[in-house]
Amino acid sequence: MRFHSGLLLASSFVLLFATSVAVHAEKWCFIVAGDGRADPKAHRPEDNNGINTLITSEIRDAVFAEKAKFLMWTGDLVYGYAKDPDEFEKQLRSWREIMEPLYSKHIPVLACRGNHDASSTDAWARWDKVFTGKYALPNNGPAGEKNLTFYFTRGPVLAIGLDQYQQKGEAVNQPWLDEVLSRHKKPFIFAMGHEPAFMDGAHKDTMDASPEKRDAMWTSLMNAGARTFFCGHDHFYDHMVITKASGTPATEMHQFTAGTAGAPFYKQGDYAGNNTGWKLARMKHIDGTYGYLLVEIDGRNARITFKGRTAPGRYEPMDSFSYSVP
């Protein structure tokens with residue numbers, strides 16, 4: 001009897017230890033940034049080869065300082081819009097060179113295209129030429145969007161990069177997204193695209209252009225358990241919370257626009273897009289500040305913090321949002 005009691009005690013200890021390990025899982029983070037393009041009209045000294053090299057380099061360094069496991073870039077790596085494809089390729093290679101220290105340390109760099117990256121002559125072919133080999137994006141996107149649309153997993157996180165320029169009407173490849181969400185179930189889902197899903201006050205060329213397609217994407221992410229969407233395109237920081245206009249309980253989704261990696265600043269405007277069926281609320285807006293998003297994973301908890309630039313190479317928290325998964 002004592003022997004069986006000992007076994008029971010030992011088994012209980014093992015179960016308790018295993019449960020403790022599961023609850024106190026690894027704490028880690030990644031960084032989200034975008035819109036580091038140059039401003040050819042301003043003739044800024046930090047602009048070179050279509051890139052704000054100063055801020056883009058500082059955000060690269062922040063990946064090391066934060067000990068981030070990977071970097072998500074929401075588009076507009078370079079100024080682009082080049083009629084000469086060689087010029088566009090040169091810009092992309094300059095961006096890749098800035099990020100070379102990350103590649104050398106085997107830190108994944110996950111970039112999706114912005115409108116500036118997609119609008120040069122021979123843009124996709126030159127993108128593939130630069131982002132190949134060890135620089136390639138995950139080769140798991142849909143047919144016709146390889147190396148543009150992709151997913152990436154690490155532990156409890158599913159990260160998704162969505163190209164918005166191969167499909168018509170500012171849309172994403174919805175059948176592929178549905179399949180990925182169905183086959184790769186993770187507690188934390190973080191999707192990114194270049195253009196906002198809901199107009200956040202500046203550009204009108206957002207996913208509001210095709211609201212039915214936008215709604216399909218948004219609903220699929222929400223139903224899969226996602227609580228955030230990362231984007232850029234507008235060169236400010238805007239944190240918006242979106243809920244359905246009817247129905248209880250109302251599930252919240254948060255749109256984080258952080259086009260703050262060096263592109264010329266825009267000013268705050270009104271939410272004026274096609275929002276039928278949704279309630280939008282501005283949680284935080286910051287104009288005129290460079291910065292990046294820090295996403296921290298700690299067991300069942302996620303925290304998204306916007307860190308804004310307060311001095312050269314120095315970035316401080318200016319907004320945050322946390323949530324937990326079951």
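Buried means under 20% relative accessible area, exposed over 50% and partly exposed in between, with a 1.4 Å probe and protein chains only. The model is predicted: local features need pLDDT of at least 70, side-chain atom pairs count only at pLDDT 80 or more, and totals for chains, interfaces and linings use all residues. Residues are numbered from 1 along each chain as its sequence is written, and side-chain values use heavy atoms, with hydrogens and water left out.

**View 1. Trp28 and Phe70 form a tilted aromatic pair.** Rings of Phe, Tyr and Trp (its six-membered ring) pair if their centres lie within 6.5 Å; planes under 30 degrees apart count as stacked, over 60 as edge-to-face and the rest as tilted. Here the centres are 6.1 Å apart, with 50° between the planes. Trp28 belongs to strand 1 (residues 27–33), and Phe70 to the loop between helix 2 (53–65) and strand 4 (71–73), so the pair ties together parts 42 residues apart in sequence. Helices (H or I, at least four residues) and strands (E, at least two) are DSSP runs, numbered from the N terminus. Phe70 counts as buried because its relative accessibility is 0%. Trp28, at 5%, also counts as buried.

**View 2. Trp95 and Phe131 make an edge-to-face pair.** Their ring centres are 6.1 Å apart and their planes lie at 70°. Trp95 is in helix 3 (residues 85–98) and Phe131 is in the loop between helix 6 (123–130) and strand 6, so parts 36 residues apart in sequence are tied together. Both Trp95 and Phe131 are buried.

**View 3. Arginine charges sit over aromatic rings.** The criterion is NZ of Lys or CZ of Arg within 6 Å of the ring centre and within 35 degrees of the ring normal. Arg154 places its charged end over the ring of Trp28, 4.5 Å from the centre. For Arg96 over Tyr135, that distance is 3.9 Å. Trp28 is also part of an aromatic cluster, whose members include Phe30, Phe70, Phe152 and Tyr323.

**View 4. Helix 7 (residues 174–183) has a buried side.** Gln174, Trp176, Leu177, Val180 and Leu181 are buried. They share one side of helix 7 because they cover an arc of only 160° around the axis, taken from the directions from the helix axis to the C-beta atoms. Pro175 and Arg183, on the other side, are exposed. Strand 6 (150–154) and helix 8 (211–224) are among the elements covering the buried residues; contact means heavy atoms within 4.5 Å.
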